[in-house]
Amino acid sequence: MTTYRPLRQSEFRHDAYRLVPIRYEDREPIRAWRNAQLDVLRQAAPLTAYQQEAYFQRVVLPLFEQEKPGQLLFSLLHNEELIAYGGLVHISWADLRAEVSFLVEPTRAAEPATYRQDFRAHLRLLGQVAFEDLKFNRLFTETYDIRPAHVAILEEAGFWLEGRLRQHIQLQPGTFTDSLMHGQLAADYATAFGTAL
């Protein structure tokens, strides 16, 4: 299996979930999920198949050969079925920190209990990548303040609210939304998930 050069492991597991470096064959489902959930993404317009292919060729595939890539993207499988993707983005190797990204298949996103289970599994496995494998110091997130359930899961998983950017995003013309900034240190992750680092 192809993996990223900085990682010592090629996959991360918890219960029925498995996190693996993003797979080329997952590009089309991911494109469809992104286009269906523009309201929660920093993406202005739907992606075409051509744009997605070009992005994978120009940006994603070269990440596997870089010593210190700017992002590490993963496919999340549940019982070996692709259900979500995300990873560590905006990585600062000098500061040992990264932003968390996550997007789940839309029907699973619409089921609160399923979404909670999937997102918690993703955060747990991403913590294994960041804190156990890479020995990072910090993860952070930006969430639009229209997603209280998402925020609650973050905080339950050891992310601390660190700031509010008031009227930061214009989701619709004339309608501004706050962005919430959360952060997690290695000790927060260990406490939330009962792991030893």
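**Entry 1: strand β5**

I began with strand β5, residues 97-104, and found six of its eight residues buried, so this strand is largely enclosed by the rest of the structure. A reminder to myself: this is a predicted model.

Next I looked at the neighbours of β5. On one side, β4 (residues 81-92) runs antiparallel to β5, with seven bridges joining the two. Strand β6, residues 138-144, pairs with β5 in the parallel sense over three bridges. Glu-99 is a handy landmark: Val-89 stands opposite Glu-99, and in β6 the bridge partner of Glu-99 is Phe-140. I also noted Ala-98, which stands opposite Leu-139 in β6.

How many residues lie between β4 and β5 in their hairpin? I counted four, and Leu-96 in that turn has a positive phi of about 55°.

I checked confidence before going on. The protein chain has a mean pLDDT of 91, and 94% of its residues reach 70 or more. Confidence is lowest in helix α1 (residues 27-36), at a mean of 87, and highest in strand β2 (residues 17-21), at 98.

**Entry 2: strand β3**

Is β3 buried or exposed? Seven of the seven residues of this strand, 72-78, are buried, so β3 is largely enclosed by the rest of the structure. I then sorted its side chains by direction. In a regular strand the side chains alternate between the two faces of the sheet. Here Leu-72, Phe-74, Leu-76 and His-78 point one way, while Leu-73, Ser-75 and Leu-77 point the other way, and all are buried.

Tyr-17 stands opposite His-78, and β2 pairs with β3 in the antiparallel sense over five bridges. In β4, the bridge partner of His-78 is Glu-81; β3 and β4 are antiparallel too, over seven bridges. The hairpin of β3 and β4 has two residues between the strands, and Asn-79 in the turn shows a positive phi of about 50°.

**Entry 3: the whole sheet**

Eight strands form an open sheet, β1-β2-β3-β4-β5-β6-β8-β7, with mixed pairing. The edges are β1 (12-14) and β7 (160-172), each pairing on one side only. From one strand to the next, the twist averages 25°.

**Entry 4: the helices**

I ran a length check on helix α2, residues 49-63. At 1.5 Å a residue, its 15 residues should span 21 Å, and the end C-alpha atoms are 20 Å apart, which agrees. I also noted a bend of about 40° at Phe-56.

Which residues of α2 are buried? They are Gln-52, Phe-56, Val-60 and Leu-63. An α-helix has 3.6 residues a turn, so residues three or four places apart point the same way. What covers the buried residues of α2 includes α1 and β3.

α1 lies across β4 and β5, at about 80° to β4. Helix α6, residues 186-193, lies across β7 and β8, at about 85° to β8.

**Entry 5: Thr-177**

My last stop was Thr-177, found in strand β8 (residues 175-185). Its relative accessible area is 8%; the cut-off for buried is under 20%, so Thr-177 counts as buried. Leaving out residues up to four places away in sequence, Thr-177 touches Tyr-144, Asp-145, Ile-146, Leu-165, Gln-167, His-168, Ile-169 and Leu-171.

Key
Residues numbered from 1 in each chain as written. Heavy atoms only, no water. Buried < 20%, exposed > 50% of the residue type's maximum accessible area, 1.4 Å probe, protein only. Pairing = 2+ DSSP bridges. pLDDT = per-residue confidence, 0-100. Expected span 1.5 Å × (residues − 1). Bend = angle between axes of the 7 residues up to and from the residue. Contact = heavy atoms within 4.5 Å. Axes fitted to C-alpha atoms, helices over the stretch in contact; angles between N-to-C directions.
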